[in-house]
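Hi there,

Here is the structure I promised to pass on. Have a look at it first, and then read on for what I found in it.

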Amino acid sequence: MQATSLIQPVLALVLSPLMFGVINRTKAWFAGRRGPPVLQAYYDLSKLLRKGAVYSRTTTWVFRAGPIVGLAAVLVATVLVPLGGEPAPLAFTGDLILLACVLGLMRFFTVTAALDTGSSFEGMGASREVTFSALAEPALLLGLAAMARLTGSLSLSGMSTAMALETWRQAGPVLALVTAALMVVLLAENARLPVDDPNTHLELTMIHEVMALDHCGPDLAFILYGAALKLWVLAALLVGLMLPVRTGNAWLDIGAGLGAMFAVAVAVGVVESSMARLRLLRVPQLLVGAGALAALALILTLK
Amino acid sequence: MVLALILIPAVIGAGAFFVRNDPLRRVLLVATAVTHAGLTVACWVWRPGAAAGGWLALDAAGLLFLSITSALFLVTTAYAVPYLRREHDHVTRDAVEGFLFSNAPEATFTGCLLLFLAAMTLVTVSQHVGLLWVAVEATTLASAPLIYFHRHHRSLEAVWKYLLICSVGIALALLGNFFLAVAAGPTPLVFSELVARSGQLNVPWLKAAFLLVLVGYGTKMGLAPLHTWLPDAHSESPSVISALLSGALLNCAFLGIIRTQQVCAAAGLGDFSRTLLVGFGLVSMAVAAVFIVGQTDFKRMLAYSSIEHMGILALGVGLGGAGVFGAMLHAVNHSLTKAMLFLVAGNILGAYGTKSTADVRGVLRVLPVSGVLWVAGLLAITGSPPFGLFLSEFTILKAALDAGRTGVAVTYLALLAVIFIGMATIMLRMAQGVSVRVEPRRESWTAIVPPAVLATVVLMLGVYLPGRLTQLLQETARLLGHP
Amino acid sequence: MTLDTILILVVLTNLRLLGASRIGASVRTVAVQGILLGLLALLAHHGEPSVSVWLVAVGGAVLKGVVFPWLLLRALRSADVEREVEPFVGPIASLLAGVAALGVSLWLAQRLPLPDGAHSSVLVAVALFSILVGLFLIVARKKAISQVLGFLVMENGIYTFGVALVRESPLLVELGVMLDVFVAVFVMGIALFHISREFDHIDTHELTTLKD
């Protein structure tokens, strides 16, 4: 395995909490504030790891397993997703299905851990989470199917290495549609506006936040880190498939990929600053709209 | 001459919107009607040549339908002017629901009426496929404000249905026109050229084109199952407009269909198009029969009768041969009879104040002349001798039997019988008896002369067909019944 | 290349119409679609576009992109109607139906024996899709304004079909068709205004007085 492949998970592990910092800084800049330090997430993680944990008497082993299994699942995802045109450490035909499954596993355990507390707050968040993910999944899979059809490869790394600037020139509209669909999926899966407000714990707006409400200490650290890695994974998917910078030098490509990741973080920050959260009724419509765009992209590649 | 036929009503119609003086406007209306009729008569004597590079020309079919339109317009104008004078600035109480309503401004009515005449004339003289389409859509748009003359919610509902359903139908006909253009290739889209070069047409596209044109213009013509707007629009509009709609407009839409059928027949698709026409014709008659029996609104009954007769027209053309002659004669007879019936219905409505068949009794006593005309109209419209419709319906029946299509003939007769029973029950019950609520009254001669004239003509056509008319009908049949 | 982009944008406007929940947004989307079609007419023209083609394309774009929305929005404003589209079939189901319709149109367009080369099949597919979406909007929406918009979309689809397949249409006929559609929208706008004044709403589902 090449160094360029192995460096990708390492970069993910080290740099993913930085994404949160960039997003928050962007939002603060829009609001005219200074905002928290860019490395704030790291400080939070180290603080949480040093704390002890308190477990409610109504919970079972599922509650303790939730964050751990979630983190494990997303770590598997990080070795699947390529960055910067270089193949990922773990690549085989059909690994995009494994990616979807692994993200699903993470979601499943988060949801069951939330339900395990027996609180109606978490239950509500869990039901919303499951509904929206069920609607976002077709968008993700259809988008990936369109990409597979376009590049002729059923492996994420294969797709990424097959992308070049010519692909944009030939099939620009298809790629634009898939980008839009994947962006919406990214916002939905990572609990960003306009789907969910990451700042509040109000009943009106929360989905992901509420599921983490009862965790504390290292568990909360795992959840926070897992969320950072999930954002990294989906953003890397977006960048790897959309950014066709192929200079021939692998390290330059990875550098460009990193730059694009932070550009995505800034874009997320911009979206969060310019939109309000959608009414809950409208979120399924948005997600189905993204699915329709992905379906349209797939239909266009089929003809 | 052809251009004058179109432009005179169009220009005066546009101008009528701005004329403030009511009597002057009515004079203009009558003058235009008379001029138009005069020009049409002149066309009978000296057949005019083509205009606008062959796009506007009066062939036999066009002249026939133009004459019907012009004659009907003249007679209904004679009825309409006193009607307008009576309804002027009137706030009426609606009989059915009891609210007060007013009428549209008379300028709108007169202007739209003249534009309507211009559009219908354009349909009859147009030889280009696209121009025909524009004219048919123009008739829809010109007649919509006319239906909404009585400003209340039922007529508004009728207008909305009319506008939307007919516009969608005509849009489908436009798609059919595009299909026809694809089928034609380099041939110009003039009907005579298409018939002449029928060998070069692309047959599958022509098939699809005919289907779309049949559905599209069939919506406008009132063929079932596309007829849903017709009973509402024809019953809610003033009787003058109903007469024109049933008598003239439906024929114009039919003209669009038969011209396309002519092209199809020339290209060898005659069997396909004729089968479709027979099918739609019988379905229309069946739907009309179902809804006429037990009908509670006599204007709606007359509207369904129009659907039935449009079905008979389609059936006649679909049978081919002598059936086409029968259908053309039927078009003339039906237009005159239906117009007369609607005008008489207008008289009845004016006297009784209600459209319900249950509430109207004793028309023969209350309105003697209208009553007689009502019963005569019943006999005429159901095809009894000695009226003209008997001849035309019999010709179509004979064509069916001659072609060996006994099934069609039997269905045709059965449906005619059902409709006769349905209409006779309603109309005779209305005519006879004694009315408790309404007193016998003197009828103004302006309200009875126009329908009486029409009735006389229909009676005469049943006994004697003028030579010129027979010639024209045969020429039309030859033009359209091209095997 | 740009022709394909315009076609995809037209498809996107149709999908947007299916999923829209506010009338103002729907009207503006139809306006954008009209302008796109004007561009399409220019780009898809076989050979060098003559003055008449320019005239029709630009005239059509102005008419559909500016005049119609102005007419419709004016009718709505004076009607003081609620701003929500009230559908029989919800936005999600409509979107899914739209995607299905797109699939059907593409399949049909490939089956049609087209006289021209490969390019026409995409145009024909988009035309069929617009017609189907227009018909769907007429049937599946309650408000009268949505039915007018559906009619306009259907006309757009038929016009696209004409652009795809008809080599040269006489100027007079093109102008006649445009005039007809203009007057139709004008008259429908007036009818809308009257309906809103008479009924206090523009829900055509409620227009059920006349029946047998």
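Chains A and B do not touch: no contact joins them, and their closest C-alpha atoms lie 24 Å apart. By contact I mean two residues whose C-beta atoms, placed from the backbone, lie within 7 Å. Of the 2 pairs of chains that touch, chains B and C have the most contacts.

A word on the ground rules before the details. This is a predicted model, in which local features need pLDDT of at least 70, side-chain atom pairs count only at pLDDT 80 or more, and totals for chains, interfaces and linings use all residues. Residues are numbered from 1 along each chain as its sequence is written, while chains are lettered from A and ligands numbered from 1 in the order in which they are written.

On confidence, the predictor gives the complex an ipTM of 0.90 and a pTM of 0.87. Chain B has a mean pLDDT (the predictor's confidence in each residue, from 0 to 100) of 89, with 99% of its residues at 70 or more. For chain C the mean is 83, and 93% of its residues reach 70 or more. Helices (H or I, at least four residues) and strands (E, at least two) are DSSP runs, numbered from the N terminus.

Now the two interfaces. The contact between chains B and C takes 27 residues from chain B and 32 residues from chain C. On the chain B side, α5 (129-147) and α6 (153-184) are the elements that give two or more residues, and α6(B) gives the most, with 17 residues. That side of chain B divides into 20 nonpolar, 3 polar and 4 charged residues. Here Ala, Val, Leu, Ile, Met, Phe, Trp, Tyr, Cys and Pro count as nonpolar, Asp, Glu, Lys and Arg as charged, and the others, Gly among them, as polar.

The contact between chains C and A takes 14 residues from chain C and 10 residues from chain A. On the chain C side, α1 (2-19) and α4 (91-111) each supply at least two residues, with α4(C) giving the most, 8 residues. By class, this side of chain C has 9 nonpolar, 4 polar and 1 charged residues.

Chain C itself has 7 helices and 0 strands. Its radius of gyration, taken over C-alpha atoms, is 17 Å, close to the 17 Å that the globule rule (2.2 Å times the number of residues to the power 0.38) gives for 212 residues, so chain C is as compact as a globular protein of that length. Its C-alpha atoms fill a box of roughly 50 × 35 × 35 Å along the principal axes.

What sits in the largest nonpolar core? Of its 367 residues, Leu287(A), Ala294(A) and Leu296(A) touch the most other members. The largest share, 23 residues, comes from α6(B). Such a core is a set of buried Ala, Val, Leu, Ile, Met, Phe, Trp, Tyr and Cys residues joined through C-beta atoms within 7 Å; a residue is buried if 20 or more other C-beta atoms, placed from the backbone, lie within 10 Å of its own.

Best wishes

Methods:
Buried ≥ 20, exposed ≤ 12 C-beta atoms within 10 Å, placed from the backbone.
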